[in-house]
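This report describes strand pairing, ring contacts and helix packing in one protein model. The sequence and coordinates are shown first.

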Amino acid sequence: MSRIGRLPVPVPSGVEVTLDGQNVQVKGPKGTLYHTVATPITVARADNGEIEVSRPDDERVSRSLHGLTRTLVANMVAGVTAGYEKKLEIRGVGYRVVAKGPAQLEFALGYSHPVHVTAPEGITFNVEAPTRFSVIGIDKQQVGEVAANIRKLRKPEPYKGKGVRYVGEHVRMKAGKAGK
């Protein structure tokens with residue numbers, strides 16, 4: 001049995017979970033999230049109000065979806081209560097970020113033009129300093145994807161480390177050319 005899949009998902013107060021067949025809706029103080037569960041997996045409410053995810057058999061597909069489904073439901077519950085945040089930083093001379101509203105950023109990343117990024121619905125940006133900002137939202141997958149797309153604008157290069165990186169990310173540096 002899956003060690004992750006068999007764990008019940010606790011539902012804190014203020015969170016409402018609606019189960020309709022294969023559809024799961026989680027509504028909380030920060031918003032509402034929806035998910036459609038893959039066919040062999042079933043989601044049910046336990047006696048104590050927790051959510052339990054179960055599988056009908058030990059087929060390979062069922063086993064692989066069991067823990068995944070439980071984690072996705074748990075991430076939805078955590079997202080509508082606390083939300084998710086990815087912090088990024090910019091390194092490089094002249095590299096900076098400017099907020100053009102809660103859902104728009106303007107980057108100066110060494111290109112001949114400024115790069116504009118608009119947040120999809122449900123995502124907001126917070127600029128703490130000209131070189132530090134964060135991506136905030138309730139959907140963990142969407143927050144990670146937006147942060148990864150911003151990082152792709154100018155990945156950290158291995159010689160000087162210039163570019164957009166996650167806070168705390170370690171970039172392996174190369175030695176460069178040998179001196180004379």
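A residue is called buried when its relative accessible area is under 20%. The model is predicted. By that cut-off strand 8 is mostly covered, with four of its five residues buried.

**Strand 8 and its partners**

Strand 8 pairs on one hand with strand 7 (residues 96–99), antiparallel and through four bridges. Within this pairing, Val-98 has Glu-106 of strand 8 as its bridge partner. Four residues lie between the strands in the hairpin of strand 7 and strand 8, where Gly-101 adopts a positive phi near 125°.

Strand 8 also pairs with strand 9 (residues 115–118), again in the antiparallel sense over four bridges. Here Leu-105 is placed opposite Val-117 of strand 9. The hairpin of strand 8 and strand 9 has six residues between the strands, and Gly-110 takes a positive phi near 85°.

Phe-107 belongs to strand 8 (residues 104–108) and Phe-133 to strand 11 (residues 132–137), so the pair ties together parts that are 26 residues apart in sequence. Phe-107 counts as buried because its relative accessibility is 0%. Phe-133 is likewise buried, at 0% relative accessibility.

Two charged side chains are placed over tyrosine rings, as tabulated here.

| Charged residue | Ring | Distance of the charged end from the ring centre |
|---|---|---|
| Lys-86 | Tyr-166 | 5.2 Å |
| Arg-154 | Tyr-111 | 4.2 Å |

Strand 11, which holds Phe-133, is part of an open sheet of four strands in the order 10-11-6-12, with antiparallel pairing. Strand 10 (123–129) and strand 12 (163–166) are at the edges and have a single partner strand each, so one side of each lacks a neighbour in the sheet. On average, neighbouring strands of this sheet are turned by 25° against each other, direction ignored.

Inside the sheet, strand 6 (residues 84–91) runs antiparallel to strand 11 and is joined to it by six bridges. One of the residue pairings is that of Tyr-84 with Gly-137 in strand 11. Helix 2 (residues 140–153) packs on this sheet and touches strand 6, strand 10, strand 11 and strand 12. The direction of helix 2 makes about 10° with that of strand 6.

Technical notes. Residues numbered from 1 in each chain as written. Predicted model: local features only at pLDDT ≥ 70, side-chain atom pairs only at ≥ 80, totals over all residues. Heavy atoms only, no water. Helix = DSSP H or I, 4+ residues; strand = E, 2+ residues; numbered from the N terminus. Buried < 20%, exposed > 50% of the residue type's maximum accessible area, 1.4 Å probe, protein only. Lys NZ or Arg CZ within 6 Å of the ring centre and 35° of its normal. Pairing = 2+ DSSP bridges. Axes fitted to C-alpha atoms, helices over the stretch in contact; angles between N-to-C directions. Contact = heavy atoms within 4.5 Å.
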